[in-house]
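I opened this entry to keep track of what I looked up in the structure, going from sheets to helices to aromatic rings.

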Amino acid sequence: MLNVGVIGCGSIARQRHAHEYALHPGVTIAGFYDLFPARAEDMVKTFGGKVYASVEEMLADPAIDLVSVCAANAQHAPITIQALNAGKHVLCEKPMAITEAECTAMVEAAEKAGKRLFIGHNQRLAPAHKKAREILASGAMGKVLTFRSVFGHKGPEMWSIDKSANTWFFKKSSAAFGSMADLGIHKLDLVRYLIGSEIETVYSTMKVLDKKFPDGTPIEVDDNSVEVLTFANGATGTVTTSWTHYGEECNETVLYCEKGIVKLYCDPRYSLQVVNADGTKVLYELDRMQTNDDAQQTSSGVIDEVVGAIAEDRPSILGAEDIVKSMKAVFACLRSSEEGKAVAL
């Protein structure tokens, strides 16, 4: 049985981490901490455990085995390293950290402490993505030639706990970056995972097109981005992110291969569609991509994977050692957008 503490009590903690911990038979929720004590108190009323007065108090509790870090982006690395040094396993929300040096320090801290560090990349665990990786790895579709992957919704202010345009997501001091790292990290990581090769060069454009603070001034981070990626194996394609998809959320990926096309979450019924070169189709009714608008969040699989990897002492698909490679692509995209040119990793 793992005793778990959750640091940060926003929407991701409530609808993902705490919700899934509460459903897992191998977990006991020890308690919560948040800068705003009322949020932690509300979580305790729903999920049990106790309110911790500080991060330090939680990490000093010898009963806690695992900590979920659900704080603002800028706090991911400091809290994660503090927790690892205190002898806790850590599940940190994405994006992993706000600099490449911080990502490296997190991995090194886990190695030094002999503890596990996981990053919450739930898209690796989506059933259609797992099946697509299996198909692509088998060689049945031949080499991936090009691809496109899109992740867009109406914005984090609609998802965040206070439902305000003054959200920390829009501030450079707390978020560090915008839609590209918030949503694009999922897709940069996903195409790496699916294609099975490493990103060699990136060209990125990041813009603030629409989002504003309550006083009408533009937000401090991008609300839209487009990335062109080239992989070591030659595959080339695009990742598009947006916080301005006001009609409906889009979270789909299409890979164009030598022997056909693989479509992921493009159809509400068939989450995986394989279109062979001769036009025949194989349709997989595996699941439905969950959106931020869903009233009832179903399991992402993240908590099951983390708890299972710790209990079985096995490598994890969510291990930070691999996901740090996706973060390097994020930082290359940031540099590309700033410099207006392609950047090699």
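This is a predicted model: local features need pLDDT of at least 70, side-chain atom pairs count only at pLDDT 80 or more; totals for chains, interfaces and linings use all residues.

I found an open sheet of 6 strands, which run in the order 3-2-1-4-5-6 with parallel pairing. I then looked up the edges, and these are strand 3 (50-51) and strand 6 (117-119); each has a single partner strand, so one side of each is left without a neighbour in the sheet.

**Strand 7 and its partners**

I turned to strand 7 (residues 144-152), which pairs with strand 11 (residues 250-257) in the antiparallel sense over 8 bridges. Strand 7 also pairs with strand 10 (residues 236-242), here in the parallel sense and over 7 bridges. I used Thr 146 to follow both pairings: its bridge partner in strand 11 is Tyr 256, while in strand 10 Thr 146 stands opposite Thr 236.

**Helix 9 against helix 11**

I looked up how helix 9 (residues 184-195) meets helix 11 (residues 320-339), and I read a packing angle of about 125° with the axes 9 Å apart. That angle makes helix 9 oblique to helix 11, and the crossing of the two is right-handed. On the helix 9 side I listed Ile 185, Leu 188, Asp 189 and Arg 192 as the residues making the contact, and on the helix 11 side Asp 322, Ile 323, Lys 325, Ser 326, Met 327, Ala 329, Val 330 and Cys 333. Sorted by class, this contact of helix 9 with helix 11 has 7 nonpolar, 1 polar and 4 charged residues.

**Aromatic pairs**

Last, I checked the aromatic rings, and the structure holds 6 aromatic pairs. I wrote down one of them, Phe 170 with Phe 213, which is edge-to-face at 6.4 Å centre to centre with 70° between the planes. Phe 170 lies in the loop between strand 7 and helix 7 (172-175), and Phe 213 in the loop between strand 8 (199-207) and strand 9 (224-231), so the pair ties together parts that are 43 residues apart in sequence.

Technical notes. Residues are numbered from 1 along each chain as its sequence is written. Side-chain values use heavy atoms; hydrogens and water are left out. Axes are lines fitted to C-alpha atoms, for helices over the stretch in contact, and angles run from 0 to 180 degrees between N-to-C directions. Helices (H or I, at least four residues) and strands (E, at least two) are DSSP runs, numbered from the N terminus. Angles under 35 degrees count as roughly parallel, over 145 as roughly antiparallel, 65 to 115 as roughly perpendicular and the rest as oblique. A crossing is left-handed if the near helix is turned anticlockwise from the far one by less than a right angle, and right-handed if clockwise. Contact means heavy atoms within 4.5 Å. Ala, Val, Leu, Ile, Met, Phe, Trp, Tyr, Cys and Pro count as nonpolar, Asp, Glu, Lys and Arg as charged, and the others, Gly among them, as polar. Two strands pair if DSSP finds at least two bridges between them. Rings of Phe, Tyr and Trp (its six-membered ring) pair if their centres lie within 6.5 Å; planes under 30 degrees apart count as stacked, over 60 as edge-to-face and the rest as tilted.
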